[in-house]
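Thanks for coming, everyone. I'll keep this short. Please look at the model as I put it up.

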Amino acid sequence: MEAKKPFQFANNTVLCLSPDFILPEEKRPCLSEVSHTNLVPIIDLKGYGEDQKSLVQNVSDACKKLGIFQVMNHGVPKDLCESVMVALLEFFQLPHEERAIYFTRDFTKQVKIFNYSYKGDDQMKVTMWSETFTHPWHPTQDFTHHLPTKPLQYRDVFTAYAREIGCLMNRLFSLMSKGLGLEENSIVRKLGERPNHYSQANYYPPCPEPELTMGLNEHNDITALTILQQLDGVSGLQVKYDENWVAVDPVPGALVIILADQMQVLSNGRYKSPVHRAVTNGWLPRLSLALFHAPNDETLIGPIEELTDEDHPPIYRNYRYKEFMKEFYRQEGKRRRVKETFKL
Ligand code: OGA
Ligand code: NI
């Protein structure tokens with residue numbers, strides 16, 4: 001494939017679709033085969049309180065079938081959702097020099113910008129058509145001083161958004177616990193003290209050849225739970241169901257809930273951690289903001305005892321989360337299958 005002509009990013013850096021970004025043929029997204037159906041449920045959380053039972057049922061059905069759903073009336077104020085996205089867009093569109101302090105290859109850095117890449121069986125590295133900015137989101141007082149001062153509103157807006165997402169996460173954990181027939185605090189208790197909260201903002205500039213590239217390669221989230229906001233009007237997120245890719249198109253005002261690997265393990269396989277990816281498009285920049293909840297390194301993870309018995313033996317062995325992370329890093333660059341190595 002010949003190098004294409006330089007492409008102008010919104011942030012005024014020039015990038016070409018160099019061979020670094022081009023996927024081997026069998027790994028390309030086949031965009032025309034992606035279905036746009038209403039498979040992924042949209043759940044209205046307004047019923048919380050009054051119509052608990054059907055809400056618990058809807059959430060638990062979605063967790064069991066797909067492990068991904070969208071929520072409406074989730075309690076996170078609309079203007080806050082919008083302003084955190086505006087702040088992030090401004091951040092990603094700052095001149096390169098102004099963001100340079102965050103660029104690093106050191107994965108232990110807590111606040112950083114990096115690019116994901118993927119290595120195929122031939123060990124050829126392909127860079128994803130995206131830029132990722134990550135940092136912790138709780139407890140805020142410990143890290144606010146490391147967050148960007150440009151745009152000016154970033155720290156305040158992000159902190160307020162993170163607080164609201166924290167409340168929503170707790171509500172979801174409680175609904176999900178009940179959906180497994182457990183006490184409402186069971187999942188949070190099992191996920192342990194001092195959880196690790198970090199965020200990941202993904203910026204996908206328009207791409208001259210969306211069929212040849214990937215925004216984020218197919219993966220499972222490895223944490224426990226993800227709450228993701230996507231920019232209105234720009235599609236890109238897709239989930240794998242029955243070997244087919246299904247678009248999770250943005251719904252105005254909704255947030256996407258993605259169950260991650262620890263949830264599949266805790267629930268002894270009842271809840272699913274879905275395979276998902278993000279593709280690029282030729283016209284519009286796309287932005288998504290994911291807030292993750294992960295256990296701390298020492299937390300012992302394994303199927304919740306009440307969910308196992310003679311008829312339902314544990315599918316996964318117990319492990320400390322740091323063992324899981326070690327395996328995750330061991331599979332660096334590949335299409336990872338981390339929880340599979342903890343199967344009994
Ligand atoms: C992620 C992710 C998808 C998206 O950040 O883990 O899956 O829509 N993002 O950007
Ligand atoms: Ni993900």
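Start at a turn. In the hairpin of β12 and β13, two residues sit between the strands, and Asp242 there takes a positive phi near 55°. Keep in mind that this is a predicted model.

Now the strands themselves. β12 covers residues 237–241. Strand β13, residues 244–247, pairs with β12 in the antiparallel sense over four bridges. Tyr241 stands opposite Asn244 in β13. β12 has another partner: three bridges join β12 to strand β15, residues 276–278, and these two also run antiparallel. There, Leu237 stands opposite Ala278 in β15.

Next, the metal. Which residues are the protein donors of the nickel ion, ligand 2? They are His219 through NE2, Asp221 through OD and His276 through NE2, lying 2.1 Å from the ion. In sequence the spacing reads H-x1-D-x54-H. His219 is partly exposed, because its value is 21% and buried means under 20%.

Last, the nonpolar cores. The largest has 72 residues. Among the members that touch the most others are Phe69, Phe133, Tyr161 and Leu289. Helix α4, residues 154–179, gives the most to this core, with 12 residues. A second, separate core has 12 residues, including Val40, Leu228, Leu237 and Phe292.

Beyond its sequence neighbours up to four places away, Phe133 touches residues including Leu88, Phe91, Tyr102, Pro148 and Ala201.

That's my tour. Over to you.

Definitions and conventions. Residues are numbered from 1 along each chain as its sequence is written. Chains are lettered from A and ligands numbered from 1 in the order in which they are written. This is a predicted model: local features need pLDDT of at least 70, side-chain atom pairs count only at pLDDT 80 or more; totals for chains, interfaces and linings use all residues. Side-chain values use heavy atoms; hydrogens and water are left out. Two strands pair if DSSP finds at least two bridges between them. Donors are N, O and S atoms within 2.8 Å of the metal (3.2 Å for Na, K and Ca); water is not among the atoms, so sites may look incomplete. Buried means under 20% relative accessible area, exposed over 50%, partly exposed in between (1.4 Å probe, protein chains only). A nonpolar core is a set of buried Ala, Val, Leu, Ile, Met, Phe, Trp, Tyr and Cys residues joined through side-chain atoms within 4.5 Å. Contact means heavy atoms within 4.5 Å.
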